[in-house]
Amino acid sequence: MKTETKILGIILALTVALLVGGVFFLSKQSTSNDIKDATVYQIDYSKGQKIGSDSAKVKLVEFSDFECPACAAASNYTKKYESGENPDIQFIYRHFPLPQHESAKKAALVAEAAGEQGKFWQMHDKLFETQFEWEESKDSTAFFLSLAKELGLDEEKIKKAIEENTYAAKIDADLSEGRSLGVNSTPTFYLNGRKLNFKSFADLNTAVEEELKKSN
Amino acid sequence: MISSNLSNRLIFIFSLFGLFVSSFLLYEYNFASSVVCPTGAGCDIVRASPYSSFLGISIPILGVIFYLGMAVLSVLYSQKSFQKIIFKLHLLGSLVGIGFGVYLTYLEIYVIRAICFWCVASFIISMFIALSVIFRRRNENGN
């Protein structure tokens, strides 16, 4: 065997061993201390779609857009707060449909209309799960109505809400509060009033858990 | 044009870089709850998309297989036997790598609309590998 073959072979074997070892022993230590903004923003907690008690110690507010792919990815991490199992956490969803997303406002209207029939969170999940299907659709209304049917909602009421722009004022109020808080991208999260600036959505769950520990 | 020895060493080194990137992604896809991404949420979005696997195989696994295969071929090439066939395999592998990289980058920009830093890094590495293969001096592949 040639010397170069031996050297390259050894380097490759060491690299593979290092990588395999790394996968086994790598333990991620993440801390949320540096992801929380120092400023505590005054958020109107009376608004938005809520899960959990108003007296909860930890309040997590999300400004989100149903047509934003990052929001869909984040919804996998907020799902655990939708069950309302932990009485110490209140999760609040606020609308922040971005202007470049053509159907985002309509999706927000549909979610609110579903909320009127007691199924906001079910529609919230459906909209994110099917985002790939409706974002490019020429007739998003028909798609939204099919979702409403799937969820057993009164389609006529949903259709009327879309046509009459019934919840536009509520959505616009969310948008303007978001802007006044400095929201400029979605999703934006506030944990007990402090804006979260994380690189990875897993940090959201870590930050919530730390806040829970702190408040107990 | 570069000598076949230099070309082979470059392919080997770039393949190791690629192996590091795709192994890291493999770890993040399967063991970590969220992908560490210098470009914000892009990696999470790409991972959450239906395009994070190809024919049922996770994309980072394909990356590990590709880079490991290219590196093993480089080790064999240095043995100075079967160089002609190994050169052809290197060329074929690097073209497949580039083609797949173009396809994935297209999906990220136009379909998923999110950029995964590590996927782009892997694409750039595969381009360097292809360049190292393409610019290898042909007359040294005679044996």
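User: How much accessible surface does chain A have, and what percentage belongs to carbon and sulfur atoms?

Analyst: Accessible areas come from the Shrake-Rupley method with a 1.4 Å probe, and for residues only the protein chains shown count as cover. For chain A the accessible surface comes to about 10,700 Å², with 52% belonging to carbon and sulfur atoms, while for chain B the surface comes to about 6,700 Å², with 75% belonging to these atoms. Please keep in mind that this is a predicted model, in which local features need pLDDT of at least 70 and side-chain atom pairs count only at pLDDT 80 or more, whereas totals for chains, interfaces and linings use all residues. Residues are numbered from 1 along each chain as its sequence is written, chains are lettered from A and ligands numbered from 1 in the order in which they are written, and side-chain values use heavy atoms, leaving out hydrogens and water.

User: What percentage of the residues in chain A is buried?

Analyst: A residue is buried under 20% relative accessible area, exposed over 50% and partly exposed in between (1.4 Å probe, protein chains only). Of the 216 residues in chain A, 51% are buried, and of the 143 residues in chain B, 50% are buried.

User: Which helices and strands make up each chain, and in what order do the elements of chain B run?

Analyst: Helices (H or I, at least four residues) and strands (E, at least two) are DSSP runs, numbered from the N terminus. Chain A has nine helices and six strands, and chain B has five helices and two strands, which follow one another from the N terminus as α-α-β-β-α-α-α.

User: At what angle do helix α3 and helix α4 of chain A pack?

Analyst: Axes are lines fitted to C-alpha atoms, for helices over the stretch in contact, and angles run from 0 to 180 degrees between N-to-C directions. Helix α3 (residues 104-116) and helix α4 (residues 120-129) of chain A pack at about 150°, with their axes 7 Å apart. Angles under 35 degrees count as roughly parallel, over 145 as roughly antiparallel, 65 to 115 as roughly perpendicular and the rest as oblique, and α3(A) and α4(A) are therefore roughly antiparallel to each other. Among the residues of α3(A) that meet α4(A) are Ala107(A) and Val110(A), and on the α4(A) side are Phe120(A), Met123(A) and Leu127(A).

User: What does Ile45(B) touch?

Analyst: Contact means heavy atoms within 4.5 Å. Not counting residues up to four places away in sequence, Ile45(B) touches Pro69(A), Ala70(A), Ala73(A), Ile112(B) and Ala114(B). Ile45(B) lies in helix α2 (residues 42-48) of chain B and, at 11% relative accessibility, counts as buried.

User: Where do Asp174(A) and Arg94(A) lie, and are they buried or exposed?

Analyst: Asp174(A) forms a salt bridge with Arg94(A), with the closest N and O atoms 2.8 Å apart. Asp174(A) is in helix α8 (residues 168-181) and Arg94(A) in strand β4 (residues 89-95) of chain A, 80 residues apart, and the pair links distant parts of the chain. Both Asp174(A) and Arg94(A) are buried.

Definitions and conventions
A salt bridge is a side-chain nitrogen of Lys or Arg within 4 Å of a carboxyl oxygen of Asp or Glu.
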